[in-house]
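This report walks through one protein model, from its terms to its overall dimensions. Keep the sequence and the coordinates open while reading.

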Amino acid sequence: MNSPQFLTLHSPQALTAAQLACANAIATQAGASLHTLHDAAVRLHTSASDEQIAAWRAMAEAQQLDFAALPEQRSLQDFGLLAMDMDSTLITIECIDEIADMQGLKPQVSEITEAAMRGELDFQESLKRRVALLKGLDASALQRVYEERLQLSPGAERLIAAAQAAGLRTLLVSGGFTFFTERVKDRLNLSFHHSNVLEIEDGKLTGRVTGVIVDAEEKRRTVESVCQQLNIPTSAAIVMGDGANDLKMMGIAGLSVAFRAKPVVRQQASIALNVCGLDGVLNVLQS
C-alpha cells in the first residue's frame with residue numbers, strides 16, 4: 001500500500017543541472033509538482049511505496065543528493081530538544097583517536113573505535129580497552145587535541161543557532177569525554193552535556209574512566225531524562241548520531257538524523273545526511 005511522503009532532495013551547494021534533472025525525473029515518475037525551497041533544496045509531495053522510495057533514493061544518491069522521505073511535513077518549531085552525539089557528529093574527529101595519536105597509538109585505538117561504531121564490539125568494553133592504552137599520557141595532550149584538532153562539523157553553528165532561535169534546548173550526549181563536551185557546550189552555548197570522565201592523577205591519565213560509562217543505554221536514558229526536565233515527550237526530540245551506540249537514543253526520537261553515519265545507522269534513521277552539513281536538517285524541516 002502506498003503512503004503519503006514528503007520528499008526533500010538537497011545538496012550543500014546550489015543544485016547542478018544534473019541534480020535538477022534528477023529531481024525533475026523523480027517528480028515526473030511521482031506525478032507530483034516540484035517545489036523549490038532554495039537554490040540547494042527542492043521538495044515534492046506524493047504517495048509512494050517503499051520500493052519506489054528506495055529507487056528514488058538511489059537515483060538521488062547517484063547524483064550526490066541527500067534524500068529525505070517523511071510521512072508528514074514537520075517544522076523546527078514542532079520540537080523542543082535537539083540532542084547530538086559529539087565525536088564524528090557535532091565535531092569532525094574522534095577525540096580518543098587523536099589523544100591516542102599523541103602516544104603513537106592511533107591505529108590500534110582507531111581500529112577498536114571503528115568496530116564499536118559499526119556495532120561489532122560492546123561499547124563499554126571497547127571504551128575501557130581504548131582508554132587503557134592511554135595510561136601514562138600527560139593530561140596536557142587533551143588541551144592540545146582541543147586547540148589543534150577539534151573542528152565543528154559543517155553546518156553545526158547554523159543548525160544550533162536556528163534551533164536556539166526556534167526555542168529548542170540543546171543537549172550534547174557523548175561516549176567521549178567531559179574535557180571536550182564541557183568546552184564545546186560553552187563554545188556553542190548548549191543547554192546540557194553528558195559524557196565520560198577520564199581519570200587523571202598527578203597530571204597523567206590513569207587509563208581509566210570514572211563514574212557511569214555513557215554507552216547506548218545511558219545515552220537513551222539521558223535523552224529521556226532531559227525530555228522529562230523539559231516536560232516534553234521524547235517524540236519532541238531531534239536526535240543526531242553516526243554510530244551504533246547512538247541507535248537507542250535515536251530510536252525514541254521524533255526525528256532521528258544519521259550524519260555521515262555507518263550503514264546500520266543510516267538504515268534505521270528517519271533521515272540521513274551523507275553530503276549535506278548538519279544544517280541539512282533545516283532543509284527537511286523547512287515549510
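## Terms and basis

Helices (H or I, at least four residues) and strands (E, at least two) are DSSP runs, numbered from the N terminus. The model is predicted: local features need pLDDT of at least 70, side-chain atom pairs count only at pLDDT 80 or more, and totals for chains, interfaces and linings use all residues. Residues are numbered from 1 along each chain as its sequence is written, and side-chain values use heavy atoms, with hydrogens and water left out.

## Helix α1

Helix α1 covers residues 17–30, and its 14 residues should span 20 Å at 1.5 Å a residue. The expected span is 1.5 Å times one less than the number of residues. The end C-alpha atoms of α1 are 20 Å apart, which agrees. Just after α1, G31 has a positive phi of about 65°.

Which residues of α1 are buried? They are Q19, C22, A23, I26, A27 and A30. Buried means under 20% relative accessible area, exposed over 50%, and partly exposed in between (1.4 Å probe, protein chains only). An α-helix has 3.6 residues a turn, so residues three or four places apart point the same way. On the other side of α1, A17, T28 and Q29 are exposed. The buried residues pack against β1, β3 and α2 (50–62).

Strand β1 (residues 3–10) pairs with β3 (residues 41–48) in the antiparallel sense, over eight bridges. Two strands pair if DSSP finds at least two bridges between them. H10 stands opposite A41 in β3. Strand β1 is also joined to β4 (residues 66–70), by five bridges, and the two run antiparallel. Here F6 stands opposite L70 in β4.

Strand β4 is mostly covered, with five of its five residues buried. D66, A68 and L70 point one way from β4, while F67 and A69 point the other way. In a regular strand the side chains alternate between the two faces of the sheet.

T170 lies in strand β6 (residues 169–177). Its relative accessibility is 0%, so T170 counts as buried. Contact means heavy atoms within 4.5 Å. Leaving aside neighbours within four places in sequence, T170 is in contact with L81, L82, M84, Q164, N189, L190, S191 and F192. T170 and F192 are 22 residues apart along the chain, yet their C-alpha atoms are separated by 6.4 Å.

Is K262 buried or exposed? K262 is buried, with a relative accessible area of 16%. K262 is found in the loop between β10 (255–259) and α11 (263–268). Leaving aside neighbours within four places in sequence, K262 is in contact with E114, M117, R118 and D242.

## The whole chain

The protein chain has 12 helices and 11 strands. Of its 287 residues, 54% count as buried. Among contacts between residues at least 6 apart in sequence, 67% join residues at least 24 apart.

The C-alpha atoms fill a box of roughly 65 × 40 × 35 Å, taken along the principal axes. With 287 residues, a compact globule would have a radius of gyration near 19 Å; the protein chain has 20 Å, which agrees. That radius is taken over C-alpha atoms, and the globule rule is 2.2 Å times the number of residues to the power 0.38.
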